[in-house]
Amino acid sequence: QVHLVESGGGLVQAGGCLRPSCEASGRNPGIYAIGWYRQGSGNQPELVAIIHFSGNTNYGDSVKGRFTISREKVKNLVYLQMNSLKPEDTDVYYCKAVSPYGSIWGPGTQVTVSS
C-alpha cells in the first residue's frame, strides 16, 4: 500500500547537475532499501544507486564519483545528487523500494542532458 513518487528531473546541459527525489507515502511494508534505476541499454533496469537503511550504499560503475544517494532521517525522502552529467545519462529514472514482501516502483522522472 506504499506509493512512490519521483520528482526533480528535467533538462540540463552537459556538466550540469540535478537532484531528483523519491517520496514514499502510505503503509510501510518493511522497506529496507531504496534504489534509483534507469532503463539503460539492456532489457532489465540498470542500477544507478541504492541505499540500504543500514547505511550502506552501492553505485553503478557508470556513475561512481559523480552521483550520491542520500536519505532524510525524519522524512520519507531519498535524494539522488547527480553531478557532472553526461548526454549518455539521459533516461527515465525510476525509484524502487525493497521490502521482504517484494519491490515497489515509482512511475519515473525524465532526465535529459544536452550536449
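How do the residues of the lining of the largest pocket divide into nonpolar, polar and charged? They split into eight nonpolar, four polar and four charged, where Ala, Val, Leu, Ile, Met, Phe, Trp, Tyr, Cys and Pro count as nonpolar, Asp, Glu, Lys and Arg as charged, and the others, Gly among them, as polar. The model behind this is predicted, so local features need pLDDT of at least 70 and side-chain atom pairs count only at pLDDT 80 or more, while totals for chains, interfaces and linings use all residues. Residues are numbered from 1 along each chain as its sequence is written, and side-chain values use heavy atoms, with hydrogens and water left out.

Now for the chain as a whole. The protein chain has zero helices and eleven strands (DSSP runs numbered from the N terminus: H or I of at least four residues for helices, E of at least two for strands). The C-alpha trace spans about 40 × 30 × 25 Å along its principal axes. A compact globule of 115 residues would have a radius of gyration near 13 Å, and the chain's 13 Å agrees with that; this radius is taken over C-alpha atoms, and the globule rule is 2.2 Å times the number of residues to the power 0.38. Of the contacts (heavy atoms within 4.5 Å) with a separation of 6 or more, 51% join residues 24 or more positions apart.

Next, the inside. Buried residues make up 39% of the 115, with buried meaning under 20% relative accessible area, exposed over 50% and partly exposed in between (1.4 Å probe, protein chains only). Leaving aside neighbours within four places in sequence, Leu80 is in contact with Trp36, Val48, Phe67 and Tyr93, among others.

Back to the pocket, an open set of points on a 1 Å grid over the protein atoms alone, where a 1.4 Å probe fits, with protein on both sides within 12 Å along at least five of seven lines. The largest one is lined by 16 residues, each with an atom within 4 Å of a point. Ala24, Asn28, Ile34, Phe53 and Asn76 lie nearest its centre.

Finally, Ser84 is found in the loop between S8 and S9. Its phi is near 50°, a positive value in a residue other than glycine.
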